[in-house]
Amino acid sequence: MRQQKTVSWSQIMAPDKSLTVLVLVAGLCSSFTYAKLPNIVFIVADDLGFNDVGFNNPDILSPNIDKLASEGVILNQSYVHPLCTPSRSAFLTGLYPWKTGLQHMVIFPLQPACAPYNVTLLPEVLKEQGYATHIIGKWHLGFCNWNCTPTYRGFDSFFGFYNGREDYYAHTLGVNALDLRDDEKPDRFDGGIYSAELFAKRAKRIITNHDKSRPLFLYLPFQNVHSPVQVPHRYSNMYAHIQDETRRNFSGMVSAMDEAIGNITTALKEAGLYDNTLIAFTSDNGGSPNNGGNNFPLRGSKTTIWEGGTRAVAFVHGPMLQKTGYRHNGIFHAVDWFQTFLAVAGGSPAENINMDSMNLWPMLELGIDSARTEFVYHLDNKFPPLQGHAAIRVGDYKYIEGFPGPFSGWAVPPKFQQSKKY
């Protein structure tokens, strides 16, 4: 006869302890996995022309931007849309803007429009990958309903403007309408501080306080260098040799943004995040010669579908890039940031049959040819025309249909031209 085995309470409870350990280990593995994912800092310069940065024009003083670009990969053929809202829609949706109804001009302050609710934005898919998501700067994708605003569209926090063209110091639009927000609340305490400095300080706070067990996605759409042309004298004085006042002050605005980017880069290093961070930089459209911007030697300007309105200043930087220190001539489009960032974040391609975005991470990481061979510059049939209507590129061929935009010439940099204001 077999003797019955006695089981103690400690043995009965052992499976629960093992389960607890397994759950704890699973949690640790999850945190470890998140921590290994690279941080992503996505910087967007507003109205920065092709000739408005030091690595394309040595007359511009942008040492921090130039250093990041020279240590990374400069994108020689990175394309955007002719205006702010269409490009920002493309960045965050991965869709051409005529598919979101945001192809025409920009969203104006009293316009009841925003990025469609049924479209998933980039920060939402990155949150699913474990990312902390923050936006500092210019939104310009609508605010007619709370559900249109950043903290309802996937961002953990928002500090910046809903609109465009604010005063750089008062942060107001039109007749003293305050447009600076800290999450949903108006910020009435930071008046008088230049926006680039203010945004850099907030970025430093977020970086310093970031939980390192999670990867960080920091979206930094600067106000610089959009009009109004305003900058502290210490920056414009760096260009005393430029006689044209608008160009002189505009150049100073580039240097002010560059200093802010330098301070943010320093914050990443001090927080121990820099060595696992992908920094991506792009302009949202070409420069506006009337406001001091310049796209030489490219033709056209902001609002046009010429190269000067749509070929962006862009680069990527980070230790995960296997080939660096060169200019890549492959085609990259604004919509491609979506799938490319998702690939960097370890995600699967977004399941959206209408997705225009392509994963071009292999091109950036390895330096191989771009998988993109064609794209649509823009598509807008609004009449009377106020911006470039339509164009497509296939290989090295470009076809323009209809009105190309209000400025079709080449603007020579007014470095030594006498301003009419003198």
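Let me start with Phe 281, which in this predicted model has a relative accessibility of 1%, and because buried means under 20%, Phe 281 counts as buried. Phe 315 is buried as well, again with a relative accessible area of 1%.

Now, how are the rings of Phe 281 and Phe 315 arranged? Their centres lie 5.2 Å apart and their planes meet at 10°, so this pair is stacked. Phe 281 belongs to strand 10, residues 277-283, while Phe 315 belongs to strand 12, residues 314-317, so the pair ties together parts that are 34 residues apart in sequence.

In total, the structure holds 23 aromatic pairs. Another of them joins Tyr 79 and Phe 375, and this one is tilted, with 4.7 Å from centre to centre and 35° between the planes. Since Tyr 79 sits in strand 2 (residues 73-79) and Phe 375 in strand 14 (residues 374-379), parts that are 296 residues apart in sequence are tied together by this pair. Both Tyr 79 and Phe 375 are buried.

Rings also gather in a group: one aromatic cluster is formed by nine residues you can find in the structure, among them Phe 42, Trp 139, Tyr 219 and Phe 341.

Charged side chains meet rings too, for Arg 299 lies over the face of Trp 306, at 3.8 Å from the ring centre, and Lys 398 lies over the face of Tyr 377, at 4.1 Å from the ring centre.

Finally, please look at helix 5, residues 195-208, whose buried residues include Leu 198, Phe 199, Arg 202 and Ile 206. What covers the buried residues of helix 5? The cover includes strand 3 (132-138), strand 9 (216-221) and helix 7 (245-270).

Notes:
Residues are numbered from 1 along each chain as its sequence is written. This is a predicted model: local features need pLDDT of at least 70, side-chain atom pairs count only at pLDDT 80 or more; totals for chains, interfaces and linings use all residues. Side-chain values use heavy atoms; hydrogens and water are left out. Buried means under 20% relative accessible area, exposed over 50%, partly exposed in between (1.4 Å probe, protein chains only). Helices (H or I, at least four residues) and strands (E, at least two) are DSSP runs, numbered from the N terminus. Contact means heavy atoms within 4.5 Å. Rings of Phe, Tyr and Trp (its six-membered ring) pair if their centres lie within 6.5 Å; planes under 30 degrees apart count as stacked, over 60 as edge-to-face and the rest as tilted. A charge sits over a ring if NZ of Lys or CZ of Arg is within 6 Å of the ring centre and within 35 degrees of the ring normal.
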